[in-house]
Amino acid sequence: MAFTVTPRVRRIAEAEWKLFEQVHNIGGRASCQDSPDTFFIMRSSQLMAWSEAMQESYWNDLITATQQGRNLLTEKYAHMMARTSPAEFSRIRSQLPARLPEKDTYIDAICAVSATWQEQLAQQYPHLVGSGRAIRKETDSLYETSFETYLWGELATYSLDTVKLYHAYIQQLEAQGENLCEMILQNTVQQLGYASLTEAEVKLAGGSS
């Protein structure tokens, strides 16, 4: 079955791409900024795993930020630098909106569950997940951004309303025995042409499906 991206998600991913192209990196333009197809697959796979309420709330975040002259993609990478490049972050910190303690509490809870989900996924699909980022923030460095810190930086750009919706959603998934990281990865491999995570794992492991 072909993977279908809804109009709302397409609209969000296209808006994000325009912002992503404007991100200025310390070392110059990143190669991923010249790969719109890959960007769209990764972002739409994530967004399609969200609830419609989360999608709509985040869309409103993007609109509000744009009206304020802010680039949420730039802010995401800036927040990550608090862990990966503290000295540089100290120089740009004043340019970012103040962090709300209440929002940080939700973000920490989301990251804790998500990192555990990602570790469970890595055990089940070591080649598929192992080809991506290290999972825990303890691995962070100037040259390495973990899954946990990447998510932490992104969540920091969301409004409190969106973060609350995200937190409620992962609580719901936990209660149902579901794994949001697995849902996102399933969407990703499907967009890349695989029928399942198992098929993609076997392919990466050098076997045949």
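A: Axes are lines fitted to C-alpha atoms, for helices over the stretch in contact, and angles run from 0 to 180 degrees between N-to-C directions. Helices (H or I, at least four residues) and strands (E, at least two) are DSSP runs, numbered from the N terminus. The model is predicted: local features need pLDDT of at least 70, side-chain atom pairs count only at pLDDT 80 or more, and totals for chains, interfaces and linings use all residues. Residues are numbered from 1 along each chain as its sequence is written, and side-chain values use heavy atoms, with hydrogens and water left out.

The pair in question is helix H6 (residues 101-124) and helix H8 (residues 147-155), which pack at an angle of about 150 degrees with their axes 9 Å apart. H6 and H8 are therefore roughly antiparallel to each other (angles under 35 degrees count as roughly parallel, over 145 as roughly antiparallel, 65 to 115 as roughly perpendicular and the rest as oblique). H6 passes H8 in a right-handed crossing; a crossing is left-handed if the near helix is turned anticlockwise from the far one by less than a right angle, and right-handed if clockwise. On the H6 side the contact (heavy atoms within 4.5 Å) is made by Lys-103, Ile-107, Asp-108, Ile-110, Cys-111, Ser-114, Ala-115 and Gln-118, and on the H8 side by Phe-147, Glu-148, Leu-151, Trp-152 and Leu-155. By class, the residues of the contact of H6 with H8 are 8 nonpolar, 2 polar and 3 charged. Here Ala, Val, Leu, Ile, Met, Phe, Trp, Tyr, Cys and Pro count as nonpolar, Asp, Glu, Lys and Arg as charged, and the others, Gly among them, as polar.

Trp-152 also touches His-79, whose other contacts include Phe-89, Leu-96, Arg-99 and Gly-153, not counting residues up to four places away in sequence. His-79 lies in helix H4 (residues 72-84) and, at 4% relative accessibility, counts as buried. Buried means under 20% relative accessible area, exposed over 50%, and partly exposed in between (1.4 Å probe, protein chains only).

A second pair is helix H1 (residues 7-21) and H2, packed at an angle of about 135 degrees with axes 9 Å apart. That angle makes H1 oblique to H2, and their crossing is right-handed. Among the residues making this contact are Ile-12, Trp-17 and Phe-20 of H1 and Phe-39, Phe-40 and Leu-47 of H2. The contact of H1 with H2 has 10 nonpolar, 1 polar and 3 charged residues. Thr-38 also has its place in H2, and is partly exposed, with a relative accessible area of 48%.

Ala-49 lies in the loop between helix H2 (36-48) and helix H3 (52-67), and counts as buried at 3% relative accessibility. Leaving aside neighbours within four places in sequence, Ala-49 is in contact with Tyr-169, Leu-180, Met-183, Ile-184 and Asn-187.

For the whole chain, the secondary structure comes to 11 helices and 0 strands. Of the 209 residues, 43% are buried. Among contacts between residues at least 6 apart in sequence, 67% join residues at least 24 apart. The C-alpha trace spans about 50 × 35 × 35 Å along its principal axes.
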